[in-house]
Each structure stands twice: as C-alpha cells, then as structure tokens.
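Open the model in your viewer and keep the selection panel at hand.

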Amino acid sequence: MSRCRRRCLLLLEKCRHMKQLKEAHAQVLTCGLGTNSFALSRLLAFCSHPLHGSLPHAWKLFQQIQHPTICICNTMIKAFVLKGKLINTIQIYSQMLENGLYPDNYTLPYVLKACAGLQSCHLGELAHGQSVKLGFWFDIFVGNTLIAMYSSFGNVRAARCIFDEMPWHTAVSWTVMISGYAKVGDVETARMLFDEAPMKDRGIWGSIISGYVQNNCFKEGLQMFRLMQSTGSEPDEAILVSILCACAHLGAMEIGVWVHRYLDQLGHPLSVRLSTGLIDMYAKCGSLDIAKKLFDGMSQRDTICWNAMISGMAMNGDGDNALRLFSEMEKAGVKPDDITFIAIFTACSYSGMAHEAIRLLNSMCTVYNIEPKSEHYGCIVDLLGRAGLLKEAKELILKMPNSSSPTEQAIAWRALLSACCSHGQTEVAEDAAQRLFHLEHHSGAYVLLSNLYAAAGKQDDVRRIRKMMENRGVDKAPGCSSVKINGVVHEFIAGEETHLQMEEVHRVLEKMNKQMDYSGFNPYPFEVDETLCIQA
C-alpha cells in the first residue's frame with residue numbers, strides 16, 4: 001500500500017469531529033480509496049456515531065456505495081437503530097436480502113430490535129424465520145434478542161420456547177426471560193424462573209425486583225432487595241430507582257433514607273433519574289421540605305423531575321406552590337406532558353381552584369396540543385364535585401370523546417358518584433351509578449350508592465341495591481391497608497385473621513372504642529350500610 005493511502009487511513013482513525021472527518025474523506029477520494037471497503041466502513045462508523053457523528057451524512061455516503069458489504073450494511077443498520085430510525089433499518093435489511101446479501105449474527109439482533117420497537121409481530125416473525133433458515137437459531141445473541149422481542153409483544157409463550165430450546169444461557173438470557181414474565185404480570189413464574197437461575201448477577205436481581213415493583217408488589221420488591229444485600233451484591237441505578245418507587249408507595253421512608261445515604265457515601269453526583277426517585281419518595285412520605293431541597297439543588301431537570309415535584313406539592317395539599325412551580329417550569333422552557341397536567345389538576349382540586357383548572361384545561365388543549373385523557377377528566381370532575389358543581393361535572397363527562405374506552409368513562413363517572421355521596425346528592429348519584437353498572441362489573445359503585453341511601457334513610461333502596469348485587473353476582477372487594485413499624489411493613493386484608501399479632505390489635509381497638517364511647521366521640525357521624533361497607 002502506498003504512503004498516501006496509509007496516511008489517509010491513519011487520518012480516519014484520528015478524526016474527532018465531523019469537520020475533520022470530511023477533510024479526511026476528501027483525502028480518501030484523492031488517494032483513490034473511494035471504493036475501498038475498509039476505508040468506507042471507517043467513514044461510516046464515524047458518521048454513524050450517536051454522539052459526534054452525522055446520520056444524514058452517513059446515509060448520503062451509504063447511498064453512493066454501489067456494492068456495500070455485509071460489514072458496511074451492519075454499520076448503517078446499527079446507526080439507524082441507535083437513533084430510533086427503525087423503518088430505515090428494515091429498509092436496509094430488505095435491500096440486503098434483495099441484493100443477495102445474507103445477514104449474520106451481528107445483523108439479526110439489530111433487525112429484531114427494530115421489529116420490537118415498531119411492535120411489528122409480522123416483521124419479527126419473518127426475521128425469526130430468516131435466522132432459523134440461516135442456522136442462527138442457537139446463537140446466543142440472536143436467541144436473547146428473540147426472547148426480548150417476543151416479550152415486548154407480550155408473547156411470553158414464544159419467548160419461553162426459544163429460551164428452553166437454547167443450548168446454554170447467559171445471565172442476559174435469564175434477565176430477559178424474567179423481565180418478560182414480569183411485563184405480562186406473571187410475577188409468580190418470574191420468581192420461579194429467578195429461583196432456577198444458577199447464577200444471579202446484578203441484572204437478574206434487578207429484573208425480579210423491578211418486576212415486583214412494576215406489578216405493585218412493593219413489599220415483595222423490598223424483601224428481594226434485602227435478600228440481594230445478604231448475598232453481597234451491589235445495587236445499580238435501576239435497582240435503586242425501583243426500591244425508591246417501592247418506598248414511596250409503602251411509605252417506607254427509612255429504607256429510602258438508607259438509599260439516599262448510600263448514594264452520598266458513593267460520592268458520585270446524583271443522576272436526574274435518581275434525584276427524581278428521591279424527590280418522589282420524600283414527597284409521598286410527607287417530607288416535602290427535603291424533596292424541595294433536593295429539587296432546588298439539581299443543575300439539570302427533565303419533565304419527569306418537574307412532574308414529581310409538582311405532584312408532591314399537590315398531594316401534600318400545597319396547591320398554590322404547585323401552580324407557582326408549574327409557571328417556573330413554563331418559563332424554564334420545559335414542555336409539560338399529560339402527567340404534568342394531572343398533577344396540576346390535582347393541585348387545583350385540593351386547593352378548590354375550579355376556575356383555574358378549567359383555564360388550564362383549555363391551555364392544555366390549545367397551547368400544548370395535548371388531548372385530554374380519562375385521568376384528566378377524572379381530576380376535573382373530582383375538582384368540580386368537591387366544589388359542589390355536580391351538574392357542571394356531569395356536563396363535562398358527557399363531552400368526553402366517543403373514542404373513550406369503557407374503563408376511561410368509568411373513571412370519570414366514579415369520580416362524580418363519589419362527589420355526589422360527599423354532598424348527599426341522590427339524584428345525580430343514581431344517574432352516575434346506573435352508567436357505572438353498565439360500564440364495569442365492580443362492587444364500588446354499588447357500595448357508594450348503598451351508603452348514600454343509608455345516609456338518607458332510604459332503607460328500601462339499600463335492600464334493593466343489596467339484592468341487585470346478589471342477582472348480578474357482584475362480590476365485595478376486600479379492603480387492604482398497611483402500616484410500617486420499625487422498618488417492617490405489616491399488611492392487613494379485610495376478613496382475614498392471619499397476622500400473628502391480630503389478637504393484640506383487637507385488644508387495642510377495643511380499648512380505643514371504650515375511650516371514644518366514654519368521651520362521647522362518634523367516629524361515624526353518618527349512617528352507612530355496614531353489610532356492604534368495604535372494610536379497611
């Protein structure tokens with residue numbers, strides 16, 4: 001190879017930004033390396049780099065190559081996947097097949113990822129068939145990506161078939177399969193598979209912990225975290241975020257504080273994701289001052305972080321500051337999303353700002369082009385209901401789009417029914433309850449309406465509702481409550497006597513009842529239908 005060509009290839013390796021790359025590209029053409037596969041692959045590799053490259057330039061360069069090799073095609077496919085240009089990935093893959101180029105075990109994982117991202121089961125099955133045809137059925141990288149793809153489609157049966165037929169498994173194989181079961185809500189099978197894993201690295205621990213948390217099994221998630229700690233495994237950021245989420249929902253602030261101290265001891269700057277998790281945990285545990293201090297100390301904030309702080313203020317009844325923070329968010333140029341407006345409407349509801357909420361609803365639709373969802377209507381209906389504007393709330397529900405699903409409509413009607421019960425408005429409540437009866441098979445609406453009739457002294461109607469439940473086979477959903485004592489979360493389910501200290505709990509409750517009777521305090525100022533009451 002001539003000295004000129006060697007110097008050109010060396011220049012390609014030393015490029016640090018696109019200006020240098022274009023200069024090196026000119027040298028490549030001058031030295032006659034314009035069709036050299038190695039030089040072209042290095043040019044494409046730099047151009048397709050997600051940080052300092054230029055995907056449009058890479059694509060333009062690729063289109064000028066008359067006979068791209070499999071290596072060059074793979075470089076371009078990877079670049080499009082990393083940039084989220086999934087349709088382009090499939091287009092290049094199709095061109096490869098048309099030109100007689102066969103994919104290898106580097107091509108197929110990226111193509112399968114593109115199929116998963118597009119949620120195209122048909123394309124995924126075609127790529128799967130191609131991998132079998134070419135003999136990559138037992139390749140570990142292709143197999144793991146196939147498991148991930150089918151799991152993303154919710155087809156865990158197909159994913160498990162691939163998992164079982166693989167000749168050997170890596171930690172990634174176990175992690176992806178456990179996550180697949182958790183994604184469809186089958187945490188029991190996910191746990192059994194976790195127990196079968198011969199080795200348990202941080203990824204496998206993270207898959208079962210996040211699986212429990214994502215399926216609202218927060219107590220089990222914390223138990224797995226303690227078990228992980230006993231093995232000496234160190235948690236990563238994803239695990240700690242899951243644990244903070246569990247702490248937030250259970251009110252287990254002591255464990256959340258331990259996570260915070262652990263992060264401080266590491267000495268690394270907190271990422272936006274971890275800071276957001278801490279803010280959410282402290283806010284939901286009632287320590288709004290610590291949450292605000294963390295928020296104010298952040299140098300960078302994304303929309304999720306702003307949402308966590310606004311939502312924290314809203315749920316703690318600080319509606320004025322929540323709205324003030326929303327204004328700061330707008331001034332900072334951060335675009336709110338649909339979650340932001342749910343938090344804002346909740347803040348307005350707690351602070352009784354009905355007119356402000358209606359103004360923000362209009363702003364959400366006209367300024368930010370966000371289409372209201374059932375949660376937004378539910379918040380506004382709840383707000384109007386709290387203000388006693390029940391007819392206005394009903395009119396708003398009737399204006400909901402026809403495309404709304406029965407579940408979405410039920411959320412709004414349930415909010416109205418609850419508001420009617422609070423204000424003792426039987427007429428509107430009956431209409432809301434009748435609509436709920438047609439929308440869902442759930443005991444909640446029956447119980448609320450029955451309690452409203454009981455409070456109004458309409459015992460005949462109470463008996464009618466009870467009979468209606470029996471005829472329709474509607475069962476009462478048992479209530480559930482939890483309390484954290486000395487770092488341990490105790491869970492109680494209505495009607496169950498399984499807690500080890502249940503007798504002691506009953507003795508304390510009897511003592512409290514006697515003290516309230518002695519003082520003349522009545523904890524139930526209104527009459528309820530005790531036979532239908534969901535106990536907690």
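Select Gly100 to begin: this residue follows helix α6, and its phi is positive, near 80°. The model is a predicted one.

Next, select residues 86-98, which form α6. The helix has 13 residues, and the distance from its first C-alpha to its last is 19 Å, close to the 18 Å expected at 1.5 Å a residue.

Now show side chains in α6. Which residues of α6 are buried? They are Leu86, Thr89, Ile90, Ile92, Tyr93 and Met96. Turn the view to look down the axis of α6: the buried residues fall within an arc of 160°, so they line one face of the helix.

The buried residues of α6 pack against α4 (55-63), α5 (70-82), α7 (107-118) and α8 (121-133).

Zoom out to the whole chain. Its secondary structure amounts to 29 helices and 2 strands, and the C-alpha trace spans about 105 × 55 × 50 Å along its principal axes. Of the 536 residues, 44% are buried. Among contacts with a separation of 6 or more, 57% are between residues 24 or more positions apart.

Finally, colour by pLDDT. The chain mean is 86, and 91% of the residues reach 70 or more. Select residues 524-536, where the pLDDT is below 50; beyond near neighbours in sequence, this stretch has 29 contacts in the model.

Definitions and conventions. Residues are numbered from 1 along each chain as its sequence is written. Side-chain values use heavy atoms; hydrogens and water are left out. Helices (H or I, at least four residues) and strands (E, at least two) are DSSP runs, numbered from the N terminus. The expected span of a helix is 1.5 Å times one less than its number of residues. Buried means under 20% relative accessible area, exposed over 50%, partly exposed in between (1.4 Å probe, protein chains only). The arc is that of the directions from the helix axis to the C-beta atoms. Contact means heavy atoms within 4.5 Å. pLDDT is the predictor's confidence in each residue, from 0 to 100.
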